[in-house]
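Student: I have not looked at this protein before. Could we go through its parts by question and answer?

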Amino acid sequence: MVKILVVDDDKNIRKLMKVVLEHEGFSVICASDGSEALAVLDKEIVDVIIVDVMMPKVDGYEFTESVRSFNSKIPILMVSAKQLADDRKKGFIAGVDDFMVKPIDTEELVLRVRALMRRAKINDEGKIIIGDVIVDSESFTVTKGDNVQLLPQKEFMLLHKLLSYPDKIFTRIQLMDEIWGMDSETGWETVTVHIARLRKRFESFAEFEIQSIRGLGYKAVKKV
């Protein structure tokens, strides 16, 4: 499921966006300012960020610049009551991908989020197709021709996450929090074990591979 971080100091706007986006099938995390949002990003893997401009502590511009210092690819939609061209320019210079003026049109919000996802090639469908391989999140299966493999839930979720973002490096801690949950008492070593199982399962598949990035974590690489 695509996870969206909504950053706005207005609790009513946060609530509205959360309701609208969850109705569209997204998972939503909310933060009341840029400082709180940066703390969220230390613990959570998110796919899209929606950020307000005027906020206490760390405003939208500062927040965007901070995010871009460690993540150049995550789509960021800035929303603001400011309508001047200079304000939009400042946002784009900071690193946002799109700009939307308040009051928010909820239908337009969803359309802009989906457009950002398309540009970033973020998977929002139940199936990932890589050459002759079909990864189906509804059945937890990976199919290639007559070879149909039903995976245990955690193995499938791990594979699906990596293949949804080819070439993106995930740390073991990130994957642990994303797949097993932040409250899990299981150690991060279980990620290593599950990666090894996935590699064994699909060692004959030429369409993709899971690579270890020394000192960092893992990434999936598509070969077709």
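Student: At what angle do helix 2 and helix 3 pack?
Tutor: This is a predicted model, and the values below are computed from it. Helix 2 covers residues 34–43 and helix 3 covers residues 60–70. Their axes lie 10 Å apart, and the packing angle is about 20 degrees.

Student: Are helix 2 and helix 3 roughly parallel or roughly antiparallel to each other?
Tutor: Angles under 35 degrees count as roughly parallel. The angle here is about 20 degrees. Helix 2 and helix 3 are therefore roughly parallel.

Student: Which residues of helix 3 make the contact with helix 2?
Tutor: The crossing of the two helices is right-handed. From helix 2, the contact takes Gly34, Ala37, Leu38 and Leu41. From helix 3 it takes Phe63, Ser66, Val67 and Phe70.

Student: How many nonpolar, polar and charged residues does that contact of helix 2 with helix 3 have?
Tutor: Gly counts as polar, whereas Ala, Val, Leu and Phe count as nonpolar. By class, the contact of helix 2 with helix 3 has no charged residues, two polar residues and six nonpolar ones.

Student: What is the order of the strands in the open sheet with parallel pairing?
Tutor: This sheet has five strands. Strand 2 (27–31) and strand 5 (98–101) are its edges; each has a single partner strand, so one side of each has no neighbour in the sheet. Neighbouring strands are turned by 20 degrees against each other on average, direction ignored. The order is 2-1-3-4-5.

Student: Which residue in strand 5 is the bridge partner of Leu77?
Tutor: Strand 4 (residues 76–80) and strand 5 run parallel. Four bridges join them. The partner of Leu77 in strand 5 is Asp98.

Student: What angle does the direction of helix 5 make with that of strand 5?
Tutor: Helix 5 (residues 106–120) packs on this sheet. It touches strand 1 (3–7), strand 3 (48–52), strand 4 and strand 5. With the direction of strand 5, that of helix 5 makes about 180 degrees.

Student: Which residue takes a positive phi in the hairpin of strand 7 and strand 8?
Tutor: Strand 7 is also joined by four bridges to strand 8 (residues 141–144), again antiparallel. Val133 stands opposite Lys144 in strand 8. This hairpin has four residues between the strands, and the phi near 60 degrees is that of Phe140.

Student: What is the radius of gyration of the protein?
Tutor: The protein has eight helices and twelve strands. For 224 residues the globule rule gives 17 Å, and the computed value is close to that, so the protein is as compact as a globular protein of that length. The radius of gyration is 19 Å.

Technical notes:
Residues numbered from 1 in each chain as written. Predicted model: local features only at pLDDT ≥ 70, side-chain atom pairs only at ≥ 80, totals over all residues. Heavy atoms only, no water. Pairing = 2+ DSSP bridges. Axes fitted to C-alpha atoms, helices over the stretch in contact; angles between N-to-C directions. Parallel < 35°, antiparallel > 145°, perpendicular 65-115°, else oblique. Left-handed = near helix turned anticlockwise from the far one by under 90°. Contact = heavy atoms within 4.5 Å. Rg over C-alpha atoms; globule rule 2.2 N^0.38 Å.
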